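Let's walk through this protein together, one piece at a time. Keep the sequence and the 3D view open as you read.

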Amino acid sequence: MIEIDIEKENKAIAQEYKELLRISYQTLTDEDKKIIRKAFDVAVEAHKDQRRKSGEAYIFHPIAVAKIVASEIGLGATSIAAALMHDVVEDTPTTVKDIERMFNPKVAQLVEGLTKIALVQKDMNISMQAENFRKMLLTLNDDVRVILIKIADRLHNMQTMESMENHKQVKIASETLYIYAPLAHRLGLYNIKSKLEDLGLKYTEPAVYNNIVSKIRETKEEQDIYIKDISNVLKASLDAEEIDYVIKGRPKSIYSIRRKMEAQNVSFDEVYDKFALRIVYKSNPHEEKFIAWKIYSIVTDHYRPSPSRLRDWISSPKSTGYEALHITVMGPKGRWVEIQVRSERMNEIAEKGYAAHYKYKTGATEESGLDVWLNLLKEALENSESSAVDFVEDFKMNLYSKEIYVFTPKGDIKSLPKGATSLDFAFSIHSEIGIRTRGTRVNGKLVPLNYELKSGDQVEIITSQNQKPTINWLDYVTTSRAKNKIRNVLNENTKKIAEDGKELLTRKLKHLKVTLNETVVNELVNFFKLKTSLDLFYRVGIGSIENQQLKDFAAQKSNTLINFFKNKIKRSGQTADEDIHKQILNSNFDMLVFGNEQDKLDYKLSACCNPIPGDKVFGFVTINEGIKVHKKDCPNAIAMQSNYAYRIMQAKWIDSTEQEFKAIINIIGMDSLGLTNELTKVISNNMNVNIKSISLNGNAGIFKGQVTVIVQNITILKKLIDNIKKIDGIEKVTRVYKN
């Protein structure tokens, strides 16, 4: 029986290998096929005794990663071979030198880069994932393909996580949403980015994910008919113009629907643009732009466009290389529909990103947007002043941010992240110009250095040889490039001041009976809400940190320690009578317990998401404020679970009776006589709910209100919301999570 299974498995492995060669995006030469075959044989031999948690042979994983690399990212034989062997050095006695001997230095270099990422060791004082990410980006200095293969590896791991324990699934999924999805987006891999986001949501918020999936299934037939109706209308006109095209309906990703529901505070049914139409046309390079606008003209002949939602990424491509025309039109039944217009070349670049970008870049001398981005990234990596976590936050801000397009005085166009200032613009031209910036003019008017730029602004920089950056400049800029350059210049002066500051701080703390060590430095940096130890020592050196503030820190540190021991003594030294008394008390109050042992610990409810009993929550161990409790769908949850997984504590409510909690409800409806009276009656008559504050107003027939109520738990709150919804004229009732 086992023999038959192994035989079947071997056939399946051979089949997967053939499929890998068949689906490759690049044209493979005989030499390429030999390299891939050799890599396949090495991987099969290396992993022959390994199985995954699901029970299947381990070799299926590297083959699957290689398939993603070959077809979805579109890389060639070198990358396919490296993908097949990406776990060989880590898991087996084979070395990088062995691979270099068997293949070539390039394959060995990629495998070494992938092994480096996998072998990053955990440092107890910083987030492993942040350091892991920084290490991963450092490999860009060698070859960007390492990152692309790593993204493929992460995608396959996300697709095959069912057998893992729940807490591991949540950590890996959070990490994916926090780092890998935005990275895939920035490298132009939009299909992979959507898959990573959807799978991330599947494991971080399974109930939400499953709910949206089932709703999409329910409405699929209706959507297909809707797309067909629009396609039929457009086809006749497109055919008349003899355009060679295909029209495809494309559902929005589950994650983007979820994001829209959250951002606009609407239900699934209220999200109107749940799908888009894509028109992909054939064209020679000279006519690409002309045909795109011809299609725009045909679409807007039939359907009214929204001028504010036209996106022209053909005239000004995104820095990822993405080109397309996005038109949002009012379709049948009064629904907004997004129509994307792309040539076959643009479509390939949108789907394959990096690989297709270079396939079409024949003889171009000007650096592409991606090359520019990679150079900026390398500059950011060279700055070693910031901690790994700060680095990730800073880097992510530049990944996620949308772009704006501004002009130089000569009319050249520059792209910057949204939120960039006029001083950021100066540094984007050249670091020397940035350092010497005395003032900035936007559209001919003098503006402050921290003026936030908007698309279309024309920016002029006024420089002076005597100008030098000040520490305030760090607050005037948002881009990594500008921050790093300013820090480097400031460091020349500040390092000396910081050295004196460190000595001074050591003496002052000694007087307060605190020894200055790495842990205390980290605590001080957090206490004063600073970024790095250099900032701390510098501020002590210039005298901006006063003695009283250091006394406050020492007192708080001492209290934290005393409370910690008091709680420990309390927990371990309880008598049986005290224990019974405590249980009786607890049965009458809402209890939040932590960890597998269901410990009752001191905690604070986080202000960012306002959890109340019954909400799904977790504990986060902060440096200065003990345990903070957050809702599982708190906006900050993904970052915390990914960056500080070791500080996350399981938490749950075990009872819900006497204790009371505040909840805020927003109400919208049609203003009518007696509505206010009816509303207050429903609230006060329902389950002993108390009104703490009420604010109601009517305007042109629309009624808006915000009511703060005191409730005992989530069940009572949900019942109350349901009862308010039943009042005639009430349109929408939502809970507000932030004061």
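Start with Arg259, which at 40% relative accessibility counts as partly exposed. Here buried means under 20% relative accessible area, exposed means over 50%, and partly exposed is in between, using a 1.4 Å probe and protein chains only. Before going on, a word on what you're looking at: this is a predicted model, where local features need pLDDT of at least 70 and side-chain atom pairs count only at pLDDT 80 or more, while totals for chains, interfaces and linings use all residues. Residues are numbered from 1 along each chain as its sequence is written, and side-chain values use heavy atoms, with hydrogens and water left out.

Back to Arg259: its side chain meets that of Glu197 in a salt bridge, at 3.9 Å from N to O. A salt bridge is a side-chain nitrogen of Lys or Arg within 4 Å of a carboxyl oxygen of Asp or Glu. Arg259 sits in helix 13 (residues 254–264) and Glu197 in helix 11 (residues 190–204), so the pair ties together parts that are 62 residues apart in sequence. Helices (H or I, at least four residues) and strands (E, at least two) are DSSP runs, numbered from the N terminus. Glu197 is buried, with 6% relative accessible area.

The structure holds 26 salt bridges, so let's visit a couple of others. Glu16 and Lys67 meet through their side chains at 2.9 Å, N to O. Because Glu16 lies in helix 1 (residues 2–22) and Lys67 in helix 3 (residues 60–72), this pair ties together parts 51 residues apart in sequence. Glu16 is partly exposed at 24%, whereas Lys67 counts as buried at 17%. Now find Lys171 and Glu175, whose side chains form a salt bridge of 2.7 Å, N to O. They're four residues apart in helix 10 (residues 166–186), separated by about one helical turn. Lys171 is partly exposed at 30%, but Glu175 is buried at 5%.

What about the nonpolar side chains? A nonpolar core is a set of buried Ala, Val, Leu, Ile, Met, Phe, Trp, Tyr and Cys residues joined through side-chain atoms within 4.5 Å. The largest one has 62 residues, and Leu84, Met85, Ile151, Ile192 and Leu196 touch the most other members. Leaving out residues up to four places away in sequence, Ile151 touches residues including Tyr180, Leu183 and Leu187; contact means heavy atoms within 4.5 Å. Apart from that core lies another, of 31 residues, among them Leu592 and Ile730.

Finally, the strands. Two strands pair if DSSP finds at least two bridges between them. Strand 7 (residues 403–407) and strand 8 (residues 413–417) run antiparallel, joined by five bridges, and Phe407 has Ile413 as its bridge partner in strand 8. Five residues lie between the strands of this hairpin, where Gly411 takes a positive phi near 95°.

Further along, there's an open sheet of three strands in the order 10-9-11, with antiparallel pairing. Strand 10 (445–447) and strand 11 (459–463) are at the edges with a single partner strand each, so one side of each has no neighbour in the sheet. Strand 9 (residues 437–442) pairs with strand 10 over three bridges, and the bridge partner of Thr440 in strand 10 is Val447.
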